[in-house]
Amino acid sequence: MEIIADRDLCIGAGLCVTSSEAVFDQDDDGIVLLLVGEPEGADADAARQAVSLCPSGALRVEE
Ligand code: SF4
């Protein structure tokens, strides 16, 4: 699976980082940074959770 982050939609809520600090980070403005584009295993599960939690629709998954 591939995770896609649209930094223009991100509002810096940080829920993705809460879901997985291995996959997501935030820059100095709080906007999402993708650390791993194609997470696997537990990281993939956490990334899917982040997609469902993101309040701005900035994250999506492509299989
Ligand atoms: S959860 Fe969504 S809005 Fe919040 S920082 Fe992550 S990508 Fe941005």
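Predicted model: local features only at pLDDT ≥ 70, side-chain atom pairs only at ≥ 80, totals over all residues.

**First stop: a salt bridge**

Select glutamate 62 and arginine 60, which form a salt bridge whose closest N and O atoms are 2.6 Å apart. The term salt bridge denotes a side-chain nitrogen of Lys or Arg within 4 Å of a carboxyl oxygen of Asp or Glu. Glutamate 62 is partly exposed, at a relative accessible area of 35%, and arginine 60 is likewise partly exposed, at 43%. Here buried means under 20% relative accessible area, exposed means over 50%, and partly exposed lies in between (1.4 Å probe, protein chains only).

Residues are numbered from 1 along each chain as its sequence is written, and side-chain values use heavy atoms, with hydrogens and water left out.

**Second stop: glutamate 63 and arginine 48**

How many salt bridges does the structure hold? There are 3. For another of them, select glutamate 63 and arginine 48, where the closest N and O atoms are 2.5 Å apart. This pair joins distant parts of the chain, 15 residues apart: glutamate 63 is in the segment after β4 (59-62), and arginine 48 is in helix α2 (residues 41-53). Helices (H or I, at least four residues) and strands (E, at least two) are DSSP runs, numbered from the N terminus. Glutamate 63 is exposed, with a relative accessible area of 72%, whereas arginine 48 is partly exposed, at 37%.

Next, select aspartate 27 and arginine 7, a salt bridge with its closest N and O atoms 3.0 Å apart. Aspartate 27 is in the loop between β2 (24-26) and β3 (32-34), and arginine 7 is in the loop between β1 (2-5) and α1, so that the pair links distant parts of the chain, 20 residues apart. Arginine 7 is partly exposed, with a relative accessible area of 39%.

Now select serine 19 in helix α1 (residues 15-19). Is serine 19 buried or exposed? Its relative accessible area is 17%, so serine 19 counts as buried. Leaving aside residues up to four places away in sequence, serine 19 touches Ala46, Gln49, Ala50 and Leu53; contact means heavy atoms within 4.5 Å.
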